[in-house]
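Colleague: I am new to this structure. Could you walk me through how to read it?

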Amino acid sequence: MVDPPENVRLTRRALLKIGALAGGGLVLGMALPTRAAPLPDAADAMSARTLPIPADPSADFVPNAWIRLQGDGRIQLVLARSEMGQGVMTTLPMLLAEELEVGLDQIEVALAPVGPDYVNRFLGAQATGESTSLRDAWTGLREAGAVARRLLINAAAATWEVPETECQARRGRVHHADGTRSLAYAELAVLAAGLPVSEPSSAPIPLKSSDAWTLIGTRPRRLDTPLKVSGQARYGLDVRLPGMLYATVERCPVLGSRVRHWRGEAARAIPGVVEILMVRHGVAVVAETSWAALRAREILEVDCRPSINGAADTARIRARFRAGLTGRAALAHRQGDVSAALDAAHRQIEVVYEVPFQAHACLEPMNCTADVKPDRCAVHVPTQDQQGVQETARRLTGLPAERIAVHTTLLGGGFGRRREQDFVIDAVELSQLLGRPVQVIWTRADDLRHDFYRPMTLHRLRGGIDEQGQLTAWFHRIVGPSLFARARPSEMSEGLDPTLIAGAANLAYAIPHRRVEYRRADTPVPVGFWRGGGHTQNAFVTECFLDELARLAGQDPLDLRRTLLADRPRHRQVLELAAERAGWSAPPTTGRACGIALAEAFGSVIATVAEVSASADRVRVHRVVCAVDCGQVVHPEIVRAQIEGGLVFGLTATLKGAITLSDGRVEQGNFADYPLLRFDEMPAIEVHLVQSDAAPGGVSGLGTPPIAPAVANALFALTGRPVHGLPIAPSAF
Amino acid sequence: MIPVTLNGELRELDLDPNMPLLWALRDHLGLTGTKYGCGTGECGACSVHLDGVPVNACVTPLSAVAGKTVTTIEGLSPDGRHPLQLAWIVEEVPQCGYCQSGQLMVAAALLTAHPRPTDAAIDAAMSGVLCRCGTYTRIRRAIQRAANPEARDG
């Protein structure tokens, strides 16, 4: 990805958006149409200590903005993405602060309301996901900071009656070159806001060159950490509103089934229970406390209608998917003539791989708090899709969008799950029915049994090598349910779901004859976005298959990849770096072996080497070495943490549980049957970052795709038995 | 009335003795730092100290805390400067942060019992608290840092 020229013109449009805050100050918007929207919560809305009960949203309106310089000296930088652990509460303000010339210690982070200025261009909505936040913000936020800095400098120059070139901005002040004068941004804000709107300036405002950066590329401490180590961080379940009720909803266990009737006399007798009522998704128990609601729900009797999904189970889904491994399919990629090349191949193999449904298992179960009044609505929610929340509330209440305030709390994990609206519907519906604020709490079982799962997929691959051992033919058929058909139907084309073919259609390896197909096979199991997305299935399959072909050709897996990446220096660099740091060429410790895998996703490239051992009851991953090229690095420590986190997320899917279906129900209901990787199962992890001048790529989902194939390939090297499905059963080795 | 010393303060709780401590803390006592993760004692997000020993508050009824001392994340230190809290900041441990109250409380009990814990002791103590973000490596480093006064401020 190449950045546009790194400068911005101080356009009339940008200037027109400058206006005074009610209290005197400067608001700077982006060059997008703006409209009035509710005032963002205070900067520390996420701190329980200073928990502000949201003001009446009709009481105050300000224009959308990224930077709010208050007359009282506070510098607020607006965050329009959800903090779910990936560090946007630190990295996105860093972009603004870099150009605005303020220190992170001088700013407050204010949370954005819903508004068009805050749309994520990658997702087409005000939403967070698919490792896009930093890529989306990279140029725009720096430009917003640069324009504000220029205005402040202009104001200082006008005050002192000196040329602007003699003024310099530094740590929240503009200094004059004579060294005797300076003005704080707070003092200048009022002046800057009063500057006349001028015609577009002829001089572009250059963004700082990378060698002038003082923040980008450094590792300031995360702004959210102090709250998170003191119990003060405020997640969705920590929202407390006056008069708030707690609710939990019993859903029918058979996916898609509806309630026929229910009996709640005994449940209603539990002290604290306020109401039991039918809602869209099931039967809700509403009480004065969480415990009363949860207890009453346990003795609630709910009878569900028979459903056509009642016979659905994993074996049947597998059989259907198997049928789709042949016959018609949508063409995702075609190059050369793969049939002819396979026919002509000296040797060829065919392998079928299976990847199961996976849950998100965010540690904070789904929840939402809504306060619906006749003339307005406030939703307090850990969400990855603010725009979707507003739209959901608008549809349910009939209120206009500007009367619906969305207050984003911290997210106790997101991983794509919190882009959905099901838990929002529960809360808005209940608050509307009861006329009081309601917090809807999902239990762990609700969370695991009613997820939008990472799709299960089957894959048939065929590969052929010629007499010289060259890989000449590659065929890959993917069978699985479509996610985009529901989530982003406009991006479906010719039967292709971009996320199901991600990383498979655009394989980096140079193979002369290659064909990739997708066969859509929907099931009763809802599917959704998951950390790493479709790359997680496809990297597993393609990287494992490549190792099988390397074995067939009698080549070292690293050598084969190097050959196939001859014209891909970026990929080769991470591959060679990971191999070198992992000691690929050295003989492994007895009883252990290494596997390597590569993935390209979200504009970044990663290579991962895993060192494993296996016994009858356990596959043990001892060490993982990653090399990452994610372009320019804004905060190296956060990048490393994200790679580590993505890797552990993927390791859970590699070694631990899967979501399975029986009699139309998800079989897993807690961490006992959907286990997560534990502390004592952790490998040692090294993450090496490659120097790059490219625009930043995504990293949140980057660590996940290559870990499963790296582990599988290591086991293949160790035992000679290839891995054809996940999670890996130790008994197979 | 259930007498309990909560974060250093004697409290008389007029609550159902069957109520799990977790919900008493969160819904009645305003202490939301202790988290609900599973409700069955499988994830450790609700870990608090009961007479100094870590327990899962979600499966500990109030009747079991009568006359005892309970410490939550809010009471771990008066100023948020417990050596573990400082080490957590230096090592950039939290990502989403949801499990970290539980991680810190279990780690704090470990250090009280074993001021210089071995790796095996850290494994044994910490393996009951799940982290979906994968911060375990940093948690280990932070515990080692807090256990080693010379390294604390680095």
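Modeller: Gladly. Bear in mind that this is a predicted model. Let us begin with a helix. Helix 17 of chain A is mostly covered, with 18 of its 20 residues buried.

Colleague: How far does helix 17 of chain A reach from its first C-alpha to its last?

Modeller: The helix covers residues 636-655 and spans 28 Å, close to the 28 Å expected at 1.5 Å a residue.

Colleague: Which helix gives the largest share of the side of chain A that touches chain B?

Modeller: Look at the contact first. There, 46 residues of chain A meet 41 residues of chain B. Helix 17 of chain A gives the largest share of chain A's side, seven residues. That side divides into 23 nonpolar, twelve polar and eleven charged residues.

Colleague: Now the core. How many residues does the largest nonpolar core have?

Modeller: The general idea: in soluble globular proteins, nonpolar side chains tend to be buried together. Here the largest nonpolar core has 279 residues. Helix 3 (residues 133-160) of chain A gives the most to this core, 13 residues. Ala578(A) is among the residues with the most contacts inside the core. Its contacts include Ile596(A), Val609(A) and Cys626(A).

Colleague: And sheets? What is the strand order in the open sheet of three strands?

Modeller: In general, strands pair through backbone hydrogen bonds, either parallel or antiparallel. This sheet has the order 9-10-11 in chain A, with antiparallel pairing. Strand 9 and strand 11 of chain A are the edges. Four bridges join strand 9 to strand 10 of chain A. One partner pair is Gln168(A) and His175(A). Helix 3 of chain A packs on this sheet, touching strand 9, strand 10 and strand 11 of chain A.

Conventions. Residues are numbered from 1 along each chain as its sequence is written. Chains are lettered from A and ligands numbered from 1 in the order in which they are written. This is a predicted model: local features need pLDDT of at least 70, side-chain atom pairs count only at pLDDT 80 or more; totals for chains, interfaces and linings use all residues. A nonpolar core is a set of buried Ala, Val, Leu, Ile, Met, Phe, Trp, Tyr and Cys residues joined through C-beta atoms within 7 Å. A residue is buried if 20 or more other C-beta atoms lie within 10 Å of its own, exposed if 12 or fewer, and partly exposed in between; C-beta atoms are placed from the backbone. Helices (H or I, at least four residues) and strands (E, at least two) are DSSP runs, numbered from the N terminus. Two residues are in contact if their C-beta atoms, placed from the backbone, lie within 7 Å. The expected span of a helix is 1.5 Å times one less than its number of residues. Ala, Val, Leu, Ile, Met, Phe, Trp, Tyr, Cys and Pro count as nonpolar, Asp, Glu, Lys and Arg as charged, and the others, Gly among them, as polar. Two strands pair if DSSP finds at least two bridges between them. Axes are lines fitted to C-alpha atoms, for helices over the stretch in contact, and angles run from 0 to 180 degrees between N-to-C directions. Lists of a residue's contacts leave out its neighbours within four places in sequence.
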